[in-house]
Structures are given as structure tokens and as C-alpha cells.
Amino acid sequence: MDDPLSRELKDCVAVYFHDIASAWRPGILYFRSAYRNDPEFSFDSLERVGPAVDEIRFRRMIEGDAAVAMNYRRLTSDAFQNVFEHAKPETNIGEFRESVVGEIRDSVNRIFPDLVLRSLGNPLSGGTFRFDKGTVSGFDYKNLSGGEKAAFDLLLDIIVKRPAFPDAIYCIDEPEAHMNSRLQGALLQELLNLVPESGQLWISTHSIGMMRKAREIYELAPGTVAFLDFDGHDFDSKVVISPSRPTRIFWEKVLRVALDDLAGLVAPQEIVVCEGNPIGAVPGKNAEHDARCYETIFADEKPDVKFIAGGNSHDVKSDRMGFLAAFPMIVAGIKVRRLIDGDDHAPGEAAQMVTEGIRVLGRRHLESYLYDDEILTALCQSVGKAAEVPLLLAEKKNALSVVQAQGKAPDDVKSAAGLIYTRAKQILGLTKIGNDQKAFARNVLCPLITPDTATYAGLKRDIFGV
């Protein structure tokens, strides 16, 4: 019987490239394990070093990955070869030394401003990297701190290996190991600076510093960063992982993993108290329904806004739970906004509440946006049944007629939502979309209210005034 565990490791993983013209070849992937430890070394001789693509330091990601000594040997070997074969005749010794250590020195110095790589020492007698720091000059690599060694190792390795791996995917497990959080973001930025333009950097990390820097880069250039979330998957079966949107919910989960109980101390910039049953007020899975819908809709554009259910309309208007007073006392500078449904408020009444810091929806309630004709049209299109749009819109109209006959307002979409949900499932053949209309709204309709829709623009204007 074939035992999968006995198969060769190379047969257990298949790698496919986005560019189908690419083929597997040495130098297309470069790995660093999490167990990088080269505490000290020195050499007393020069020797030739083979091609970097043939170097094998470890065979499994659980093995040690000592690279500093090997990179020192490669630097000295290449320098010796360059002196006799490639250096220009007019190059002086200062220029030559600068060509060997200049980029490494500058890269390290951007992270540790008081640490300066001085030289490679004498490779024929106690050869090792020598540094200046403060008033101390020429001390050995072995005397660096653990964090300094960890960062120096990664930066040196990319600089030395880059010529042999010009378009590689550089995979680093836990690049933040041994470094304090203040420096982790700076290290990530420096690694990105060093990776070749045609290469990629893949890291596995729980580091808050690294994640914060990645988020900053994402916000500046969204197409350059992707976040892959491995949490909550059963890897005993086939799993497809797609990039996660860096929404507030995503960051809260990241912080729960990284900080455990401290994650609750990370506060948003703004709180929006809306209508709805708070968690614990009533049993059931639909607690804070409106708040969860709003967070899904505005997750991309408003990641630092947290929506909280504050009870009924009167509770929210009167701030019965004391959010206006409590949050600013806990978190300095936080903004608290109140939001209520439009219901039957007259325009003048709504305008007056705006002056009191209470935002009023321009429509009767949230469901008026969720089941807007534009969103129901997008629903049909999303499942490849655009031809069913007229029928579904007609069913919405019929549902509103039914509830109006029951004495409800003609625009009471909330009361008609159950009927519209049922007919949408039947007409479009929808499955696994939630067991009731509220779950359906959260899982299916909210993601369809995107920034390019008029519905989104109207809802954003009603809540945030822009």
C-alpha cells in the first residue's frame, strides 16, 4: 500500500506560476527558515565558494538556517576574484572596500543608526565582520545583540544572494525573530527595498510591527501587498486561500492572535452607535444585525470605524447606554456618532437632529438600502441570471403591496424583506446563503453594496455626511 508519508517531499508540493511561460528552475524560489542562528564565526583562510543557487543549508523548514558565516566566505571569495578579474585599474583601495561593504553598511545603518559595519576584517586571520558602535570601534560580529544579528543576517543574505536570484520569490519565516516591535516595521521596509524589482517577498508573521508596516504599504499602494489568512481552515481537506481584505474585522482577528487579551485595548478612531439589539440583550444569532451590516459595507473605506448596536431609536437618541461620555474617557480623541433609521421623521425634524449630532438615514431603515433595486439587480448578475432581474423586482413590488395591505407603510421594505428573500432564493436557485433574511442580508446583499454603487454613496452620505 502506498504510504503518502513515505513519498519524496518533492512529490508532495506542486508549484504553479501566474505566468504560464515560466518553468521551474534553480533560483526561482529562495527560503529562510525561522531557525536562523549563527552566533559567532571566524576564518583563517580563503577558499572558493560555489554558485549560490547550489547552496543547500537546510532541507526542511524546521531545520537550522545558519547563513552569516557562509555569506562572509562568499563575500571574501568574490572580493578576491574581483580584485584580479573585474576591478578597474584606476580603482583605489577605498573605493574597492566601499564596493564590498557599502550597501550592507547603509542598509543596516537605516535600521540601527548607531551601528556601522566597518570591514570584513582579515579573512586570513580571525576573519569576521567588524563594527563600530558608539565609542567602541572594530568589535566582532559575535558581540552584536540578538536583534542586531537577526536583522544583519537577513539583510546581508539578500544583498549577497540577489545577483543569483534576480527574479526569485524570497520566502522568510518569522523575519521578526529576536527583534523588538519598534524595529520590525523598519526591517520589513528594508527587506522590500533590497528584494529585486522583478522578485517578490513572502513572509509568515504574527508581528504587530510587520503587520502595521504592511498595512501602511497597502494603503499607499493596494496592489502591491496581499494578506493570506491561514486561520480557521481544515488542512486535512482541500483548501483554497484567497487574499483577505485588510478590514477592521481582519485586523481584530490578527490582533487577537498576536496580543491575546490585549487586543481589546486597540480602539477605533470613531464609534457609530446605531439601532439594533446589543449582544446579550436578546438571545439569537442576529444580535447587532445593523452594526454588522454597516461594518461589512464600509470595511474597506472605513476600517477605523466601529459600529455598535445601541438599542431602539429612543435609546440611541438619548444615549441611554452612555456611549458619548464613556468612550472619550477611555480613548483620547475618539469620535462617537449616533445613527437612527429614517422612519417617519419629517425633514425638519431630521435636520434638527443632525445639529444635535444625530445622523438620520434618508430612507426608512437599513433594509431600504439592502433591498434597493440596484442591489437586487447586482444580485441577479452575480449569479449569472441577469435575465431574472425584471421578475425579482416585480416580486419585491408584490411583497411591498402585501405588507401595505396589512397596514404597513408603502416603503416598509423591512417588513417585506422576508418575502423578498424567499422569492429571491426560489427565482435564482440560491443555496447556503443563510437561514433567514437577516443572515441573507449580511452574507449576500451587504457585499454587493460597493463604492461604485449609488446605494453605497447614498448610505455613506447619510451616515458620514460626505
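**The sheet around β9 and β10**

A: Happy to! Strand β9 (residues 335-340) pairs with β10 in the parallel sense, over three bridges; two strands count as paired if DSSP finds at least two bridges between them. Strands (E, at least two residues) and helices (H or I, at least four) are DSSP runs, numbered from the N terminus. Within this pairing, L339 has R359 of β10 as its bridge partner.

A word on the basis: this is a predicted model, in which local features need pLDDT of at least 70 and side-chain atom pairs count only at pLDDT 80 or more, while totals for chains, interfaces and linings use all residues. Residues are numbered from 1 along each chain as its sequence is written, and side-chain values use heavy atoms, with hydrogens and water left out.

Stepping back, β9 and β10 belong to an open sheet of four strands, ordered β8-β7-β9-β10 with parallel pairing. Strands β8 (305-309) and β10 (358-360) are at the edges with a single partner strand each, so one side of each has no neighbour in the sheet. From one strand to the next, the twist averages 30°.

Now for the helices. Helix α10 (residues 347-355) lies across β9 and β10 and runs at about 145° to β10. Angles run from 0 to 180 degrees between N-to-C directions, with axes fitted as lines to C-alpha atoms, for helices over the stretch in contact. Helix α16 (residues 454-464) also packs on the sheet, where α16 touches β7 (270-274), β8, β9 and β10; contact means heavy atoms within 4.5 Å. The direction of α16 makes about 155° with that of β10.
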